[in-house]
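Student: I would like to learn how to read a structure step by step, beginning with a single residue and ending with the whole chain. Could we go through one together?

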Amino acid sequence: VVRFDPSKPYPDQWSPISVNGRQPTSSEQQKYRRQGERAQQREETGEGSGRPSLGESIDLRTASIALETADAWTFEVPLKKVANVRFPPEKFQVLVRIGKATRALEQIAVKLRASFRSKLIVKVKSGEGVLEFAAVNPKYPPTLISINGDASASVFFVSIGGLLELKRTDIKHVKP
């Protein structure tokens, strides 16, 4: 469990509350402090990953309705092919759910349609992820409240994989 406060200086923004149900050690606290220091360096130098994010990789202009219920529209949103080496577009399905009553983003689901190789040594076999959004404060757009996902891959024919579950609670809007 980690607390993030963007109003604090970079080294203090991320602070572990507990690690596997116990108090974090001083080395674990230092790890999060270094993470904040690296984020500050990246911002100061303008250094990014150089790869487009998922948001920059989707093509909203060609989205189509995949499902319509009484409460929401679910759109299938294709990935862009231009400058997209991170996500082979034909291998992923992206579904975006918008609430009818609020006209706000509720969920983004990404699912791997078929396995693919990356850099010749990594084979991504399966994977999916769901990002959930909710209105925390009606004055602001929906906020990311949870991420759930799983994936399996192999590196040099050695299987790897795992599950990810992140939940954000006690969200407050702060002024830096």
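Student: Where in the chain is the place of I17?

Tutor: This is a predicted model, in which local features need pLDDT of at least 70 and side-chain atom pairs count only at pLDDT 80 or more, while totals for chains, interfaces and linings use all residues. Residues are numbered from 1 along each chain as its sequence is written, and side-chain values use heavy atoms, with hydrogens and water left out. Helices (H or I, at least four residues) and strands (E, at least two) are DSSP runs numbered from the N terminus, and I17 sits in the loop between β2 (14–16) and α2.

Student: Which residues is I17 in contact with, leaving aside its neighbours within four places in sequence?

Tutor: Contact means heavy atoms within 4.5 Å, and on that basis I17 is in contact with V1, V2, R3, Q23 and P24. Although I17 and V1 are 16 residues apart along the chain, their C-alpha atoms are separated by 5.4 Å.

Student: Is S154 buried or exposed?

Tutor: Buried means under 20% relative accessible area, exposed means over 50%, and partly exposed lies in between (1.4 Å probe, protein chains only). S154, whose place is in strand β9 (residues 143–155), counts as buried because its relative accessibility is 7%. Not counting residues up to four places away in sequence, S154 touches I121, V122, K123, K125, S159 and I160. I17, by comparison, has a relative accessible area of 34%, so I17 is partly exposed.

Student: Which residues gather in a patch of positive charge on the surface?

Tutor: Such a patch is made of residues with over 30% relative accessible area and no salt bridge, like charges being joined within 9 Å; a salt bridge is a side-chain nitrogen of Lys or Arg within 4 Å of a carboxyl oxygen of Asp or Glu. Lys and Arg count as positive and Asp and Glu as negative, whereas His and the chain ends are not counted, and the place of a charge is taken as NZ of Lys, CZ of Arg, CG of Asp or CD of Glu. Here K31, R34, R38 and R42 form the patch. K31 lies in helix α2 (residues 26–45) and is partly exposed, with a relative accessible area of 46%.

Student: How many helices and strands does the chain have?

Tutor: The chain has 3 helices and 10 strands, and buried residues make up 24% of its 176 residues. Its C-alpha trace spans about 50 × 45 × 35 Å along the principal axes.

How values were computed: Patch = residues over 30% accessible without salt bridge, like charges linked within 9 Å, V, L, I, M, F, W, Y side chains within 5 Å. Areas by Shrake-Rupley, 256 points an atom, 1.4 Å probe, with all protein chains shown as cover.
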